[in-house]
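Student: I'd like to learn how to read helices, cavities and pockets in a model. Could you walk me through it?

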Amino acid sequence: PERASRELAQFRKSKDAGIRARALRRLMSKGDVSAGEELKAVAKEILTGRSNTYTLEQQEIRNDVSKALWDVHRRKDARFAAIAVEFLNHSDEILRTAARYSLRGMRDPGTIPELVKLLDDPNRKSQYIGVITLCEIEKKQGCPSIPLFEQNPDKYVKEWKDWWAEKNKSR
């Protein structure tokens, strides 16, 4: 384990973005928040343009970033949540999806404003993640299953938008 950690630390400094991304993903999954910050910078630098024109290297880096977001979804750490939040607006749908599911797993109350923003997303899956995660954070009874949500998504979205508006009225 110690040798592996030293190797990851060396790979973290690699000039090859793919090697660096893979090392950062592994370090992030071990709880290294600074690796998450570095991985975010790699993604910002390398994952530009349209995802359907990514090179093989860019696709591999995207996969590492996506896996890193998935890996930390069980960590109850606001610093990882902040990293995931930054990917909610990435141009790549795979990274946005990974970020949404990461936030879903974390259930961090500090991400409530971002979860409310998901309610305005035209993507119904995004809306559902916003609804169900808000429901779980607020420990509300009767959270909808996916089939129940799909029967009347506007009802659940409106319920949480109204809740948010009421909560902010009192501030």
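Tutor: Helices are DSSP runs (H or I, at least four residues), numbered from the N terminus. This is a predicted model, in which local features need pLDDT of at least 70, side-chain atom pairs count only at pLDDT 80 or more, and totals for chains, interfaces and linings use all residues. Residues are numbered from 1 along each chain as its sequence is written, and side-chain values use heavy atoms, with hydrogens and water left out.

Student: Which residues line the largest pocket?

Tutor: A pocket, on a 1 Å grid over the protein atoms alone, is an open set of points with protein on both sides within 12 Å along at least five of seven lines; a cavity is a set where a 1.4 Å probe fits but cannot get out, and lining residues have an atom within 4 Å of a point. Here the lining is Y101, R104, R124, K125, Y128, I129, I146, F149 and E150. Helix α8 gives the largest share, 4 residues, while α6, α8 (124-137) and α9 (146-151) each supply at least two.

Student: What lines the largest cavity?

Tutor: Its lining consists of M28, G36, L39, K40, V65, A68, L69, I83 and F87. The elements giving two or more residues to that lining are α3 and α4.

Student: Which residues of α4 are buried?

Tutor: Buried means under 20% relative accessible area (1.4 Å probe, protein chains only). In α4 (residues 56-71), the buried residues are Q58, I61, R62, D64, V65, S66, A68 and L69. V65, A68 and L69 also belong to the cavity lining.

How values were computed:
The expected span of a helix is 1.5 Å times one less than its number of residues. Buried means under 20% relative accessible area, exposed over 50%, partly exposed in between (1.4 Å probe, protein chains only).
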